[in-house]
Amino acid sequence: MHTQINHLLALWGQLPDLLRTLIWIVIITIGVILCVAFLTLWERKVIGWMQLRRGPNRVRILGMLPGLGQPFADVFKLLSKEVVVPSGSNKFLFRLAPVLALVPALAAWAVIPLSPALVVSKANAGLLYLLALSSMGVYGIILAGWAANSKYAFLGAMRSAAQMVAYEIAMGFALVGVLMASGSMSLGAIVRHQEGGVFAWNWLWLFPMLVVYFIAGVAETNRAPFDVAEGESEIVAGFHVEYSGIAFALFFLAEYANMILISALTAVLFFGGWLSPVAGYPLIGHTFLGDPSFFWLGLKVFVFLFLFLWFRATFPRYRYDQIMRLGWKALIPVTLVWIGVEMVMAAVHIGPWARPWFH
């Protein structure tokens, strides 16, 4: 067995860099899609537990584990449904919109460092790449609302566009704070600059930025309590009201893929990414638990995903005016003030600015 593993590793090392990159792209894409499938099940289970009911518990896999086959049943159902294109719609843009919503959510994983050695692209401008892609997601929603030639869909798209612009600014300023604390736009470098234990991670010195970034991430993904883009009780599902079958499934996939992406970025930017929280501790710190690995990144992403589900189960939806007031009058001023605080901390060399890289 050991010989076979060494043989496979030798073959992997002989592959051209381009082919290895393509293989990793396929693996990560399939992994994200599978995570989305099981995230839908986990969401329904968590909300069910919080509301004292069972959630999905019928569809089994091989007669075992009730409810585990529900995501696959949902996929087959959506694939078998007809995609209805309204006669008065712009048919090309109507079909293009779901793709524009999904592609940025998957393409962003190219610069996410999954472990110390695993990242598809070691781009030095990873933060700029992420900002550019996150701003692309709104085009899919706007096109879906406009191309459908439906007043309900158009109203949902306009509300979503205004919301995403407001929270995109707050998110951008939060990323500026991370850039100031790490001195690099490379996500791998940002993680490495947080080495030194839990209290060396960015969450401690950039706590207001962390709160703003995560709230803006929830709003960017149109999740409760910021789901006015869909507004089931007001505008009958909003921008995707005219979509059915696999076209609707792509919007669904994009939303949940963005949830995983925001959770991963929160872990990378503020909580040390793949760094271990017990590194250097007596007994366990010098075992495999103290080593940086994908396990720790996955555990942190799991926690932040749970917060997304918790918010949906417990928070009522904000009114549209409340969402705009929170974005423009609360989150953006908080980030601007904390950028000023960071300038002072950099001048007196405390926190992250006391580390050798800053000098």
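I started with Arg20 and Asp17, which both sit in helix α2 (residues 17–50), 3 residues apart, about one turn of the helix. Helices here are DSSP runs (H or I, at least four residues), numbered from the N terminus. The model is a predicted one, so I kept in mind that local features need pLDDT of at least 70 and side-chain atom pairs count only at pLDDT 80 or more, while totals for chains, interfaces and linings use all residues. Residues are numbered from 1 along each chain as its sequence is written, and side-chain values use heavy atoms, with hydrogens and water left out.

**Entry 1: charged pairs**

I looked up the Arg20 and Asp17 side chains and found a salt bridge, 2.4 Å from N to O. The term means a side-chain nitrogen of Lys or Arg within 4 Å of a carboxyl oxygen of Asp or Glu. By that rule I get 8 salt bridges. Arg20 is partly exposed at 22% relative accessibility, and Asp17 is exposed at 53%. My cut-offs were under 20% relative accessible area for buried, over 50% for exposed and partly exposed in between (1.4 Å probe, protein chains only).

Next I checked Arg312 and Glu43, whose closest N and O atoms are 2.9 Å apart in a salt bridge. Arg312 lies in helix α12 and Glu43 in helix α2, so this pair ties together parts 269 residues apart in sequence. Arg312 is partly exposed at 41%, whereas Glu43 is buried at 2%. I also noted that a salt-bridge network links Glu43, Arg223, Glu255 and Arg312.

Arg319 and Asp321 gave me another salt bridge, at 2.9 Å from N to O. Both are partly exposed, Arg319 at 49% and Asp321 at 34%.

**Entry 2: helix α9**

How far apart are the end C-alpha atoms of α9? I found 20 Å, which agrees with the 20 Å that the 14 residues (207–220) should span at 1.5 Å a residue. The expected span is 1.5 Å times one less than the number of residues.

Of those 14 residues, 10 are buried, so α9 is largely enclosed by the rest of the structure. Among the buried ones I listed Met209, Tyr213, Phe214 and Glu220. Their cover includes α5 (126–147), α6 (151–182) and α11 (245–270). After α9 comes Asn222, with a positive phi near 60 degrees.

**Entry 3: Val198**

I found Val198 in the loop between α7 (187–192) and α8. Val198 is partly exposed at 22%. Leaving out residues up to four places away in sequence, Val198 touches Trp203 and Pro277, with contact meaning heavy atoms within 4.5 Å.

Key
Helices (H or I, at least four residues) and strands (E, at least two) are DSSP runs, numbered from the N terminus.
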